[in-house]
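Here is a short report on one protein chain. Look through the structure first, then read on.

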Amino acid sequence: MKHFNLTKRYILALSIIALLSTLAYFNIYHLISNQYSNSNIINISGKQRLLSQQISFNAIYYKIDELKKNIKEMEQNHKRLIDFAMDEELKELFFKPPTLLDMRVKRYIKEAKEFAKSRSGRSLTYLLNNSKPLLEDLDKAAQLYVKKAQKATTQIMNLELYLYILTLITLFME
């Protein structure tokens, strides 16, 4: 009878360890996919800062082909950023006063397209006057994306630590 209880006990312990190991695997998988997704968001967000500056530079020097290419890329990147899940801080930055970054990026793109099409002095003036403030707010967005990624990574790493501790406790109890 004692042999039977000991076997049950080991089966239970090994089952718990197998479960915890499986959870750890899925946690690591989630961490890696989360890091991949977050790195893409951060890269796109950082690229937006560069593109905003390139657009004004291209407009100043009448590099219309490059301007059109940068406008298209900035517009595509903006749509991708808006489609990603946002926390409240990002939603506030993009969609609420005083920043209204979404609206300002769209207006910047619209003015850049107008300049590329008609060489409008009004559009060029808009681009030049709004390039630096837009850059500063795009930088804030990039920093928020980094902060969000760091927070998600910390949460996953903490969960991994808990799984590791539970595995050790199970082993020590046996």
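Leu100 is partly exposed, because its relative accessible area of 23% falls between the 20% limit for buried and the 50% limit for exposed. The model is predicted. Leu100 sits in the loop between α3 and α4. Its phi is positive, about 50 degrees, although Leu100 is not a glycine. Most residues other than glycine have a negative phi.

The loop between α3 and α4 also holds Pro98. A cis peptide bond links Pro97 to Pro98, with omega at about 5 degrees. Most peptide bonds are trans.

## Arg119 and the next loop

Move on to the loop between α4 and α5, where Arg119 is found. Arg119 is not a glycine, yet has a positive phi of about 55 degrees. Is Arg119 buried, exposed or partly exposed? Arg119 is partly exposed, with a relative accessible area of 37%.

## How α3 meets α5

Helix α3 covers residues 88-95. Helix α5 covers residues 121-173. The axes of α3 and α5 come within 10 Å and cross at roughly 165 degrees. That angle makes α3 roughly antiparallel to α5, because angles over 145 degrees count as roughly antiparallel. The crossing of α3 and α5 is left-handed.

## A nonpolar patch

Which residues make the nonpolar surface patch? They are Leu159, Leu161, Tyr162, Tyr164, Ile165, Leu166, Ile169 and Met173.

Ile169 lies in helix α5. Ile169 is partly exposed, with a relative accessible area of 41%.

Definitions and conventions. Residues numbered from 1 in each chain as written. Predicted model: local features only at pLDDT ≥ 70, side-chain atom pairs only at ≥ 80, totals over all residues. Heavy atoms only, no water. Patch = residues over 30% accessible without salt bridge, like charges linked within 9 Å, V, L, I, M, F, W, Y side chains within 5 Å. Areas by Shrake-Rupley, 256 points an atom, 1.4 Å probe, with all protein chains shown as cover. Salt bridge = Lys/Arg side-chain N within 4 Å of Asp/Glu carboxyl O. Helix = DSSP H or I, 4+ residues; strand = E, 2+ residues; numbered from the N terminus. Buried < 20%, exposed > 50% of the residue type's maximum accessible area, 1.4 Å probe, protein only. Axes fitted to C-alpha atoms, helices over the stretch in contact; angles between N-to-C directions. Parallel < 35°, antiparallel > 145°, perpendicular 65-115°, else oblique. Left-handed = near helix turned anticlockwise from the far one by under 90°.
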